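Keep the sequence and the coordinates side by side.

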Amino acid sequence: MARGTMAEDVQAQIKQLILQRRLTPGDPLPTEAELVGLLDVSRNSVREALKALQAMRIVEIRHGFGTYVGPLTLEPFVEGVAFRAAVRHHQGEPSLYELMEVREALEAGLIGTVARHLPAEDLAVLKGLVQRMAEEARGGQVQSATDRAFHLALYRSMGNHLLSEVLDAFWAALRRVREDLSDDRPDPEVTHRQHQEIVDALEAGDGDRAVEAIHRHFDGIRRRLAE
C-alpha cells in the first residue's frame, strides 16, 4: 500500500474506532502501542495518522499524558477559508466579496425566521450587547468580541448547533482575513447604529425590516472592502 494511502487508511480506522466506542471530546484514546496492535500497523503509521487528525481537531495529543478525542471544531475550516481568500485577494480576485456574500446570504436568509420566533430572553441578550456596543463606540471602537457575541446570539433561538458553528466560522474567517490584510476598522457609531436597527426590527417582529437591516449592515462592509 502506498504511503499516502496507508496514512489515510489509518486515519479512517481511528475515526471509526471513535465512532464505534462512542467517544466524545476529551475522552482518552487507546495508547499509541495499543493502536499499533489494534490496527495492525506500524508505530510510524499511527503517529502520522494522529498528527494529521490533530491538525483537523479530531484528536488532541497531550505530550506526557496521552491522546484524547479533540474538540471537533470548525477551526481548520476557518483557517483554510481565510487563507484561500487572502491568497486569491492578492491575485486580484474578489475573494473577500465572495466570503462576505456567503455570510450575508446565510444571515439574511435566516433572520426572518428569527424575527417570528425570537424568545424574550434572547432579545434581552441582544439588547444588552447593543448597549455594550454603544458604550464601546463612545470609547472609539466596538470590540470584535462584542460583534461576534451579537451574531452568535442572533440565531441561537433556531436551536441548530451546526448552523451556529457554520455562521460563526464565516464570521471568524472574514474577520481574520480582513485583519491579515490590515482592513480599516469601521466607524464605531455606524456599527452600533446598524446593530441597533437589527434589534429594533426583531423587537417589532418585523421579518422584512430585519432582512433590510441585515443587508444594510453588510452594505457597510461592502463599501469598506471597495475602499
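**A tour of the helices**

Glu104 sits in helix α5, residues 95-117. Helices here are DSSP runs of H or I with at least four residues, strands are runs of E with at least two, and both are numbered from the N terminus. The model is predicted, so local features need pLDDT of at least 70 and side-chain atom pairs count only at pLDDT 80 or more, while totals for chains, interfaces and linings use all residues. Residues are numbered from 1 along each chain as its sequence is written, and side-chain values use heavy atoms, with hydrogens and water left out.

Glu104 counts as buried, because its relative accessibility is 8%. Buried means under 20% relative accessible area, exposed over 50%, and partly exposed in between, with a 1.4 Å probe and protein chains only. Leaving aside residues up to four places away in sequence, Glu104 touches Gly109, His215, Phe218 and Arg222. Contact means heavy atoms within 4.5 Å.

Now take α4, residues 75-90. Its 16 residues should span 22 Å at 1.5 Å a residue, and the end C-alpha atoms are 23 Å apart, which agrees. The expected span is 1.5 Å times one less than the number of residues. Which residues of α4 are buried? They are Val78, Val81, Ala82, Ala85 and Ala86. Phe83 and His90 are exposed on the face turned away from the buried side. Just after α4, Gly92 takes a positive phi of about 90°.

Two loops deserve a look. Most residues other than glycine have a negative phi. Asp40 is not a glycine, yet has a positive phi of about 55°. Asp40 lies in the loop between α2 (32-39) and α3 (43-55). Asp40 counts as exposed because its relative accessibility is 70%. Leu72, also not a glycine, has a positive phi of about 55°. Leu72 lies in the loop between β2 (66-69) and α4. At 43% relative accessibility, Leu72 counts as partly exposed.

α6 (residues 120-138) and α9 (residues 188-203) pack at about 160°, with axes 9 Å apart. Axes are lines fitted to C-alpha atoms, for helices over the stretch in contact, and angles run from 0 to 180 degrees between N-to-C directions. The two helices are therefore roughly antiparallel, a term for angles over 145 degrees. The contact includes Leu123 and Val130 of α6, and His195 and Val199 of α9.

Conventions:
Angles under 35 degrees count as roughly parallel, over 145 as roughly antiparallel, 65 to 115 as roughly perpendicular and the rest as oblique.
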